[in-house]
Structures are given as structure tokens and as C-alpha cells.
Amino acid sequence: MIPSRRTSLFSAFIAFVLMGPLSLSASDVSAFLGDWTFVQEGSTDLSPFRSCQLTLSHQGTSLTIARHMDGGRRDHDESMTLDLSQPVSTVPQTWWVDNRHLGAYSPKDATKSVRARTLDEGRILRLETDLILETQQGSRPVNIVSQYQISPDGQRLTVTELRSTRPRPVIYVFTRITS
């Protein structure tokens, strides 16, 4: 049976609904922009760090997610810039700070693929990340689904990560830093 034009359009519509829009605009993520500070209560342990500040900013079609983690003598800064006009951003994969003593490391000069979309009328930002880690047993593909969910008053941000390497979700709670 040859598919009709109507069947093809219906299939394309279903794919669009399931996958979401192919790109975002800065206005889609505006509720998440700003500086956020880590709240230990309700969060997964940051070990070996004690504090974390998250900053989400945009310029043009770029969304930058930056994180500063501090633990006394240890601190770590990282950022990731996504091109919201593209369905997938390929970004450098630096040291994987979320390793949590797994013995898994980022390969030299590695990149990761990140897909971003908003859900629930802009109250949820979902990132789907695919990367490769090196372990004693060799290379391992890893998938991470990160859901950034803003509270109704816009003052609390809950980041839930589902990792293919971990049976339980990782949860980070942040409050907005107001000046």
C-alpha cells in the first residue's frame, strides 16, 4: 500500500507533537534566566562540593548555563552554550564533574550532543544529552535527561536528572538570587 499525502501529513504531525518544536527562542526560556543558589534540603549531595551557583543567560539565539561549585579548597567552573536556533547543539565535553566517584571520565577533546526544548507553557526546560565516557571497561555511551522546572512564583528551580548510568534520579534544588 502506498501512503497517501494525508497519511504522511498525519505522521509528520504526530512526530512534531512527540518531539516538540525543532528550535527554541530566548523568550521560551526567559523564566529560567538569572542567578540561582543551591539549597541542600531536598537535593542530592554535591560531594565533594558544598555549594553551587547556577547562572542561565542568553544572548541572541544562545542559551548559556554556567555552574560554579565550591568545596573549600576545591572549586569548579563550567559552562555550556546552546544554540537555540538549532535542534541539536554539539558542545565541548570537559571534565564530568557529576561523576560521583564512578571512575568514568571524559575522553580528550570529546563533545556531547544536547537537545533543548520547553514544556508546560515554558515552565519546564528539558535537556537531552548524549555523551561518551571512558571507563576501565572501555567507552560507554551515556544519556542524561535534565529537567529544569520553575516554581509558579518563579523563585525556585528544581533540576532533576535521569542518567543511564544511575538507577535513581539526581535532584538539585535552587532558589533565585535577587539583588
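## Strands and the loop at Pro 48

Strands are here DSSP runs of E, at least two residues in length, and they are numbered from the N terminus. In this model, which is predicted, Pro 48 is placed in the loop between S1 and strand S2 (51–59). The peptide bond that leads from Ser 47 into Pro 48 is cis, and its omega is near 10°.

A pair of aromatic rings is described by how far apart the centres are and by the angle of the planes. Across the whole structure, a search finds 2 aromatic pairs. In one of them, the ring centres of Phe 38 and Tyr 172 are 6.4 Å apart and the planes stand at 65°, which is over the 60 degrees required, so the pair is edge-to-face. This pair joins distant parts of the chain, since Phe 38 belongs to strand S1 (residues 34–39) and Tyr 172 to strand S10 (residues 170–176), 134 residues apart.

Phe 38 also pairs with Phe 174: the centres of these rings are 6.1 Å apart and their planes at 70°, so this pair too is edge-to-face. Here again distant parts of the chain are linked, with Phe 38 in strand S1 and Phe 174 in strand S10, 136 residues apart. Through these ring pairs Phe 38, Tyr 172 and Phe 174 form a cluster. Tyr 172 counts as buried because its relative accessibility is 3%, under the 20% limit, and both Phe 38 and Phe 174 are buried as well.

In soluble globular proteins, nonpolar side chains tend to be buried together. The largest nonpolar core has 28 residues, of which Leu 125, Leu 127, Tyr 148, Leu 157 and Phe 174 touch the most other members. Another core, of 5 residues, lies apart from it and includes Ala 104, Leu 131, Val 142 and Ile 144.

## Surroundings of Ser 89

Ser 89 is part of strand S5 (residues 89–92), and with a relative accessibility of 7% Ser 89 counts as buried. A polar atom of the Ser 89 side chain lies 2.9 Å from the backbone nitrogen of Asp 83. When neighbours within four places in sequence are set aside, Ser 89 is in contact with Leu 82, Asp 83, Lys 112, Ser 113 and Val 114.

## Positive phi values in two loops

Asp 109, in the loop between S5 and strand S6 (111–119), has phi near 60°, a positive value in a residue other than glycine. Asp 109 is exposed, with a relative accessible area of 69%.

Glu 121 is located in the loop between S6 and strand S7 (124–135), and its phi, near 55°, is likewise positive in a residue other than glycine. At 76% relative accessibility, Glu 121 counts as exposed.

Key: Residues numbered from 1 in each chain as written. Predicted model: local features only at pLDDT ≥ 70, side-chain atom pairs only at ≥ 80, totals over all residues. Heavy atoms only, no water. Phe/Tyr/Trp six-rings, centres within 6.5 Å; stacked < 30°, edge-to-face > 60°. Helix = DSSP H or I, 4+ residues; strand = E, 2+ residues; numbered from the N terminus. Buried < 20%, exposed > 50% of the residue type's maximum accessible area, 1.4 Å probe, protein only. Core = buried A, V, L, I, M, F, W, Y, C linked by side-chain atoms within 4.5 Å. Polar contact = N/O pair within 3.5 Å; in protein donor to acceptor, adjacent residues only side chain to side chain. Contact = heavy atoms within 4.5 Å.
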